[in-house]
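Please examine the structure shown below.

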Amino acid sequence: VAWHPCNSPASPQQMFLLATARPARAALRVVALAAATASAQSGRQEAFVCTSSGSAECSAECSAGPTPSWRPASDVFHEWSLDGRDEKMAAGHVDSVNEILAEALPRVPGVVDPSEGFTAIDAGCGNGWVARQLAEIPGCKEVTGVDAAAGMIERAKKLDPSGQYVQADLTLWEPDSPVDLVHSMEVLYYLLGDDLDATLSRIHSAWLKPGGVLAAGVDFYAEHEESLSWPERVSVEMHVKSQAEWEAALRRAGFEEVKTWKTSRGGVEGVGTLAMVAVKAKKNA
């Protein structure tokens, strides 16, 4: 499922499928703009759907449809840093992050043997709460928090003056040297189109050392149907994938050992976070 404007009003049958039928949605590959769109002729509120499976024909047909006014995610998160929602996000995600890290950290050699030490990146660090948590683990030598939202980085530096935080676009930024662990919570689905695959590939090839671990979580995913209205609610474009599609994307990026699951606690609206732990092969493997 992907959010896409189309110039064909939905039939009642199509709207029923969109609202209630997971298998039908998957089978038809319905691409939908769930937000109601005003009909210029009738004044009614109509939903627009496309069932052309993302083909070139679909692109041509849909080009005439209404286009949402998307905002950069970094602008939205900058605003949230100013009104205290960064703390609310941290509180809402802590259980999921702890469950993901509990799975990931035993795979990081420098955590198993603190004398070896480990380094980490928190991609989309927000106010730095996970970076600060990682820094307290025995053996942690350095954590770098990266976020595109200026307000979030300002908050992180205020809360942790001795920490290392960088304002940067994740699709362009590169670390000075590869690390042992990359963590990312509620960020990856904001990377659209080729940016997602390219960034996952760069995390694998350039961000992580051989044997390094990616630990990530997303609450916006296809099986979490209540989340699919989020793009329109916050006016930010998001890249929706199913659990199987996320696993496939990680394997395309080069990760050989991949585990995905829904967390038992945390998440949004009672639905677990889609958790992902992926390990880069060691050189001699």
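In this predicted model, Trp80 counts as buried, because its relative accessibility is 17% and buried means under 20% relative accessible area, with exposed over 50% and partly exposed in between, for a 1.4 Å probe and protein chains only. Phe77, at 15%, is buried as well. Both residues belong to helix 4 (residues 73-82), where they are 3 residues apart, about one turn of the helix. Helices here are DSSP runs of H or I with at least four residues, strands are runs of E with at least two, and both are numbered from the N terminus.

A pair of aromatic rings is described by the distance of the centres and the angle of the planes. Rings of Phe, Tyr and Trp (its six-membered ring) pair if their centres lie within 6.5 Å; planes under 30 degrees apart count as stacked, over 60 as edge-to-face and the rest as tilted. The whole structure holds 6 aromatic pairs. One of them joins Phe77 and Trp80, edge-to-face, with 5.1 Å centre to centre and 85° between the planes. Ring pairs also connect these two residues with Tyr189, Tyr190, Phe220 and Trp230 in a cluster.

How do helix 5 and helix 8 meet, and at what angle do their axes cross? The axes of helix 5 (residues 85-104) and helix 8 (residues 150-159) come within 11 Å and cross at roughly 75°; axes are lines fitted to C-alpha atoms, for helices over the stretch in contact, and angles run from 0 to 180 degrees between N-to-C directions. The two helices are therefore roughly perpendicular, a term for angles of 65 to 115 degrees. In this meeting, Asp86, Glu87 and Met89 of helix 5 face Met152, Arg155 and Leu159 of helix 8, where contact means heavy atoms within 4.5 Å.

Leu159 of helix 8 is partly exposed, with a relative accessible area of 36%. Beyond its neighbours within four places in sequence, Leu159 is in contact with Glu87, Asn127 and Arg132. The C-alpha atoms of Leu159 and Gly128 are separated by 7.9 Å, although these residues are 31 residues apart along the chain.

The chain as a whole has 11 helices and 9 strands. Of its 285 residues, 48% count as buried.

Residues are numbered from 1 along each chain as its sequence is written, and side-chain values use heavy atoms, with hydrogens and water left out. As the model is predicted, local features need pLDDT of at least 70 and side-chain atom pairs count only at pLDDT 80 or more, while totals for chains, interfaces and linings use all residues.

Terms used
Angles under 35 degrees count as roughly parallel, over 145 as roughly antiparallel, 65 to 115 as roughly perpendicular and the rest as oblique.
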